[in-house]
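Here is a friendly briefing to read alongside the structure. Take a look at the chain first, then work through the points below.

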Amino acid sequence: MNLSLQLHLQCTPLHILVKSATATATATTRSWSCYASLSIPQPSNVNVLNGSSPLSSERKEIRLGLPSKGRMSNDTLELLKNCQLSVKQVNPRQYVAEIPQLSNLEVWFQRPKDIVRKLLSGDLDLGIVGLDTLSEYGQGNEDLIIVHEALEYGDCRLSLAIPQYGIFENINSLEELSKMPQWTEDKPLRVATGFNYLGPKFMRENGLTHVTFSTADGALEAAPAMGIADAILDLVSSGTTLRENNLKEIEGGTVLESQAVLVASRKSMIQRTGVLETTHEILERLEAHLRAIGQFTVTANMRGSSAEEVAERVLSQPSLSGLQGPTISPVFCKRDGKVAADYYAIVICVPKKALYKSIQQLRAIGGSGVLISPLTYIFDEETPRWRQLLSELGL
C-alpha cells in the first residue's frame, strides 16, 4: 500500500508576560513557536475518536468517579462501605473497580479535578468531589447537578488570608482591604492561589478591581513572607497553619464553605439507560445512613392501664417524641395461668446529644429496663432530595 507523506511546518507567535517578584516593571517579549506535523492519509473507514466522541455515548456501563488519593479518598470509601456499597478493587494499583451491589456500575479512581472534567466530557456519569473542586472546575456549568450537597466530610472553606503584620496589621475585613490606598492599576493587590476561576470571580463580585493573581499549588502560606504575594486564597480547615505563618482570615473574605458532594451529569441521567435509577439507589442509601448518624433507638418497659395512657405520659416529656412519635406495644406475661398485659414497651429514636436526658425523663414517668442501640439507617417514605432532583431534571 502506498502512503504519501506530507510534512507541514507552522509557526505561531507567542506573547510572554514576564513579571519580576521584586520589581513592578513588566516586559512583553515576542517569540515564535514552531512545530512539524506528519500527515498520513487514512482509509475512509477509519474513525479517530476522543473522549467526547460517539464512542463515549455508546458505552453501556455507568461510571462513578471517586477521588484516587488522600484523606478524601479514604473518607469516601468509608462512607460507601457504611452504606453497604463497598468498593471492590482487584488490584490496588488499578484505577477501575466495582460495587457489587450496583449492577453495571464501574468505579473510576481519578483526581478530583479530573472527575469534574470527565463529567463534563461525558466520560463519567456520577462523581464524589469537594464543592470547592466542583465550583472551580465546573464553573457553573448547567450540566452538573449536585445530587447530595452535604456528605458530612471533607469540611473546609475557601478563604482569603493576609499577613497579621505591616500594612495589614489593622485590616480585619474585605471592605477595609479594598479601601487601602496602596492598590492601584500600576501596583495591584497580589494574590497567590490555586483557584484561578473562583478567585477573580469573587474579587469582581466584591468590587476589588486592582487585583492580580499568581498560580500556585502548595505552601501558599509562605508567599507573603517571601514577598511574592500580598495575600493568599486557599482552603482552610482549622486555621492553625495560617496562624503559625502569621496570617489571618478577614471578615467577608470567605469565598465558599465546602464539603464532599455527590454530583451527576444532567445529560447522563436523562439520556443514558440506568443512570437515574442508580443515582436514586445511591442517594437513598446515603441519606438513610447520614440521617441515622448520631441517632439511637431507646426501648423501655412501662406499667400502664392502656397504650393511650402510656402514650400521654411519654409525650408529656419534650425529649421523648422520637421521629414521628413513640411506638407503644403491649408486653404480655402469664399470671395465675392467664395472659395479661400490665406493661407496655416504648420504642423511640433519640439523638446522641439528648440521650441521657431522655433516659432520665423515661425513668421519671415509670420507665424501666431501658435498652440503647445505635441506628444504622433511617429510610424515609421518599427522600426530599430525590423529589428535588426530579424537579431539576423536569421529570
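Leaving aside neighbours within four places in sequence, V107 is in contact with L64, L66, V87, Y95, V96, A97, E98 and I99, where contact means heavy atoms within 4.5 Å. This is a predicted model, in which local features need pLDDT of at least 70 and side-chain atom pairs count only at pLDDT 80 or more, while totals for chains, interfaces and linings use all residues. Residues are numbered from 1 along each chain as its sequence is written, and side-chain values use heavy atoms, with hydrogens and water left out.

**Nonpolar cores**

- V107 belongs to the largest nonpolar core, which has 33 residues; V107, L66, V87, I99, L151, M269 and L389 touch the most other members.
- A nonpolar core here is a set of buried Ala, Val, Leu, Ile, Met, Phe, Trp, Tyr and Cys residues joined through side-chain atoms within 4.5 Å; buried means under 20% relative accessible area, exposed over 50%, and partly exposed in between (1.4 Å probe, protein chains only).
- At least two residues of this core come from each of β3 (62–67), α2 (70–82), β5, β6, β7, β13, α10 (275–292) and α13 (384–393); helices (H or I, at least four residues) and strands (E, at least two) are DSSP runs, numbered from the N terminus.
- Helix α10 supplies the largest share of this core, with six residues.
- There is also a second, separate core of 21 residues, and I162, I171, L198 and M203 are among them.

- L102 sits in the loop between β4 (96–98) and β5 (105–110), and L102 is buried, with a relative accessible area of 5%.
- Which residues does L102 touch, leaving aside its neighbours within four places in sequence? They are L85, T278, E281 and I282.
- L102 and I282 are 180 residues apart along the chain, and their C-alpha atoms are separated by 8.8 Å.
- In helix α3 (residues 112–121), the buried residues include D114, I115, V116 and L119.
- The buried residues of α3 pack against β3, β5, β6 (126–130), α4 (131–138), β7 (144–148) and β13 (260–265).
- After α3 comes G122, with a positive phi near 90°.

**The five-stranded sheet**

- Five strands form an open sheet in the order β10-β9-β11-β8-β12, with mixed pairing; two strands pair if DSSP finds at least two bridges between them.
- At the edges are β10 (211–215) and β12 (247–258), each pairing on one side only.
- On average, neighbouring strands of this sheet are turned by 25° against each other, direction ignored.
- Strands β9 and β10 pair in the parallel sense over five bridges, and L189 stands opposite V211 in β10.
- Helix α6 (residues 198–205) packs on this sheet and touches β8, β9, β10, β11 and β12, its direction making about 110° with that of β12; axes are lines fitted to C-alpha atoms, for helices over the stretch in contact, and angles run from 0 to 180 degrees between N-to-C directions.
- Helix α4 lies across β8, β11 (231–236) and β12, and runs at about 80° to β12.

**The four-stranded sheet**

- Another open sheet has four strands in the order β15-β16-β14-β17, with antiparallel pairing.
- Strands β15 (327–335) and β17 (367–374) stand at the edges with a single partner strand each, so one side of each has no neighbour in the sheet.
- The twist from one strand to the next averages 25°.
- Eight bridges join β15 and β16 (residues 338–351) in the antiparallel sense, and S329 stands opposite A345 in β16.
- Helix α11 (residues 307–315) packs on this sheet, touching β14 (295–303), β15 and β16, and its direction makes about 125° with that of β14.

**Aromatic pairs**

- How many aromatic pairs does a search of the whole structure find? There are two, counting rings of Phe, Tyr and Trp (its six-membered ring) whose centres lie within 6.5 Å, with planes under 30 degrees apart called stacked, over 60 edge-to-face and the rest tilted.
- F168 and W183 form a stacked pair, 6.1 Å centre to centre with 20° between the planes.
- F168 lies in the loop between β8 (156–163) and α5 (174–178), and W183 in the loop between α5 and β9 (189–193), 15 residues apart.
- Y377 is partly exposed, with a relative accessible area of 26%, whereas F379 counts as exposed at 51% relative accessibility.
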